[in-house]
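This briefing describes how a structure is put together, topic by topic. Please keep the sequence and the 3D view at hand while reading.

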Amino acid sequence: MKLVCLGLNHETAPVEVRERFALSEKALDREVVSLLESKDIEEGVVLSTCNRTEYYAVVNGGSGVDELESWICEQREFHGPREGVFYFYEAREAAEHLCRVASGMNSMVLGETEIFGQVKKAYQRSLDGKATKGVLNRLFQRTFSVGKRVRNQTGIQEGATSVAGASVELAEKVFGRLKGSTVMVIGAGEMSRQTAQALQSRGASSVMVTNRSYDKAVELAESIGGHAVHFDSWETELKDVDVVIAATGAPHFVVKPGHVEAVRRKRKFRPLIMVDIAVPRDIDPEVGEIEEVYLYDIDTLQEMANEARKRREKQLLLCEEIIREEIDKAVLPAVND
Amino acid sequence: MAMEIGWIVIATILAAAGGVFGWRFHKGGQSRHLAFWGMAGAFACQLMALGWRGELRGQCPLSDIGEICLFLAWSLTFFYLVTGTTYRLSFLGVFTAPVVVILQGIALIPGSFDASPTQADTIDAWREAHAAFSVLSYGALALAAVAGVMFMILNRRLKRHDFKGGLVDGMPSVHRLVNAMARIALVGWIVLTIGVVSGGMMDGGKMIAHLLVATVTWVLYAVLLGVYFVRGLPGRQLAIGLIILFALSLIVFAKLG
């Protein structure tokens, strides 16, 4: 009896290969059943996310990884070159790999938390389908406690690693909770959408979108549950706003000191955070000289994201230590016996 | 060693420990409750010392530099404990604790306490109330100034995009600090109002100069807070106003002796 892990991810396979192996919710149920019907496989869990597809299986004696790999490729009708596309781990290495995956150490965005839930879901699906027994049940339970320990005892998830996340972090530094705050988005591009959605996810209740093309403003506003404002009236709306995100394609400054000066009294000098993610910049740097204005441009946000990534990378050794320690003290059949 | 000195020494150690615990909490290594309990322990010891001095004097112990510093440290700690819970500004402790330690350090300098205080023959209740409420209000106003200093540090770093070192991570938000400054100063001003009114009711004499300074201080705080609550004021200006007003009034009172 042997624990094996076979998979591919964003580091080993290009998107056109990954999408061939990616499985929908329904397909995953079928895949688990089919896996168990194949020769010599006693237990199985299949994990499929946008960046990885992995098979965790307990195989009996003779069955090797080549057979599993061939079976998977056959199922997915993949006939391309396999060299370097798949990775394979067994016994302890497989267990450690699963812990790394669940802890976000193996993710495209180091330390991301979504993967933990995805691993849990994958395990639950197999558990419900009676596809797991003594080995995988113990392994996954141990993995979840390792994931929690890594999250609580290291800084692997600290700091924002994206421009949108860094914007949220700064807004929270100024306002604390964003619940009930009002956001104005100037420009209707993808970055505007991402940043506005990140702020909404942290409690921003009202989002107004303004754009030279009113139709685009309406389109973005509708898609994120906000409301559109005509471009010639955004200045007056500024009095109610807490966070401004500027991301237009304009070749000149759109927001100038005069715009903010005009509404300072009406705002009772409340703090105003302005995030300029446009290149060329949309907000005149002199706006940042106004006392209650906190202005950040794309360079600052990128720098924050890079710093957070570096801090997370520094935590990897500590995470590895936790994983080793937890696997050492666990009694996991087919892993450390 | 006099009884009060022993209590003040313990209070100083506990306040210093509260500051260290607070700092370590914000560095991620200690329970936040330790900072609170350090300051709470200091508060209890300050009460014991003040109680002892009160017994000796037979009146509110605010007659020498040691007693004034101790009373100020006590009121500062009192408002810290109240405010710390309400606004969850435990990081305020990191800034408050050193001020408490300094005040108590001054009280511990030999000669700060009158070694053989005279028992009061008669007690003017208004005068006692004036002195007690005025010093109590200074605890709140000192805390508002401490919050102002915190705001200035945070504001400077946020404006300069300086996020290194972790201090910004441990601090309350700008919004919360501005609210805290205004509300604590308002509480201090209300208490000072009681102090000033009590002063107006007391018998004349040598407290007139103190009352005059307290009244001017009261007016200046009223103007600052009035402008903030009615018209609005940028956080930085409010912080500067609170720091300058507190420092000025403290200097003037120190000169008056």
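**Domains of chain B**

Chain B is divided into domain 1, which covers residues 1–112, and domain 2, which covers residues 123–257. The contact between them takes 21 residues from domain 1 of chain B and 22 residues from domain 2 of chain B. The model described here is predicted.

- On the side of domain 1 of chain B that touches domain 2 of chain B, helix 3 (65–87) and helix 4 (92–108) of chain B each supply at least two residues.
- Helix 3 of chain B gives the most to that side of domain 1, with ten residues.
- Sorted by class, the side of domain 1 of chain B that touches domain 2 of chain B has 15 nonpolar, five polar and one charged residues.

**Domains of chain A**

- Chain A is divided into domain 1, made of residues 2–156 + 315–329, and domain 2, made of residues 163–302.
- The centres of domain 1 and domain 2 of chain A, taken over C-alpha atoms, are separated by 41 Å.

**The four-stranded sheet of chain A**

- Four strands of chain A form an open sheet with antiparallel pairing, in the order 2-3-1-4.
- Strand 2 (41–48) and strand 4 (87–90) of chain A each have a single partner strand, so one side of each is left without a neighbour in the sheet.
- From one strand to the next, the twist averages 15 degrees.
- Strand 1 (residues 2–9) and strand 4 of chain A run antiparallel and are joined by four bridges.
- A:Val4 stands opposite A:Glu90, a residue in strand 4 of chain A.
- Helix 3 (residues 65–75) of chain A packs on this sheet, where it touches strand 1, strand 3 (52–59) and strand 4 of chain A. The direction of helix 3 of chain A makes about 45 degrees with that of strand 1 of chain A.

**The six-stranded sheet of chain A**

- Six strands of chain A form an open sheet with parallel pairing, in the order 7-6-5-8-9-10.
- Which strands stand at the edges of this sheet? They are strand 7 (227–230) and strand 10 of chain A, and each pairs on one side only.
- Neighbouring strands of the sheet are turned against each other by 20 degrees on average, direction ignored.
- Strand 5 (residues 182–186) and strand 8 (residues 243–246) of chain A pair in the parallel sense over four bridges.
- A:Val185 stands opposite A:Ile245, which lies in strand 8 of chain A.
- Helix 9 (residues 214–224) of chain A packs on the sheet and touches strand 6 (206–211) and strand 7 of chain A. The direction of helix 9 of chain A makes about 160 degrees with that of strand 6 of chain A.

Two packed helices are described by the angle between their axes and the distance between the axes.

- The axes of helix 7 (residues 163–175) and helix 8 (residues 190–201) of chain A come within 9 Å and cross at roughly 45 degrees. Helix 7 and helix 8 of chain A are therefore oblique to each other.
- The crossing of helix 7 and helix 8 of chain A is right-handed. Residues of helix 7 of chain A in this contact include A:Val163, A:Gly165 and A:Ala171, and those of helix 8 of chain A include A:Met191, A:Thr195 and A:Leu199.
- The residues of the contact between helix 7 and helix 8 of chain A divide into seven nonpolar, four polar and no charged.
- The axes of helix 7 and helix 12 of chain A come within 9 Å and cross at roughly 95 degrees. Helix 7 and helix 12 of chain A are therefore roughly perpendicular to each other.
- In this contact, A:Val163, A:Ala166 and A:Ser167 of helix 7 of chain A meet A:Ile298, A:Leu301, A:Gln302, A:Met304 and A:Ala305 of helix 12 of chain A.
- By class, the residues of the contact of helix 7 with helix 12 of chain A divide into six nonpolar, two polar and no charged.

**The contact between chain A and chain B**

- Chain A and chain B contribute 14 residues and 14 residues to their contact.
- Helix 7, strand 10 (293–297) and helix 12 (298–314) of chain A each supply at least two residues of the side of chain A that touches chain B.
- Which element of chain A gives the most to this side? Helix 7 of chain A does, with four residues.
- The side of chain A that touches chain B has seven nonpolar, two polar and five charged residues.

Terms used
Residues are numbered from 1 along each chain as its sequence is written. Chains are lettered from A and ligands numbered from 1 in the order in which they are written. This is a predicted model: local features need pLDDT of at least 70, side-chain atom pairs count only at pLDDT 80 or more; totals for chains, interfaces and linings use all residues. Domain bounds come from an automatic or database domain assignment. Axes are lines fitted to C-alpha atoms, for helices over the stretch in contact, and angles run from 0 to 180 degrees between N-to-C directions. Angles under 35 degrees count as roughly parallel, over 145 as roughly antiparallel, 65 to 115 as roughly perpendicular and the rest as oblique. A crossing is left-handed if the near helix is turned anticlockwise from the far one by less than a right angle, and right-handed if clockwise. Two residues are in contact if their C-beta atoms, placed from the backbone, lie within 7 Å. Ala, Val, Leu, Ile, Met, Phe, Trp, Tyr, Cys and Pro count as nonpolar, Asp, Glu, Lys and Arg as charged, and the others, Gly among them, as polar. Two strands pair if DSSP finds at least two bridges between them.
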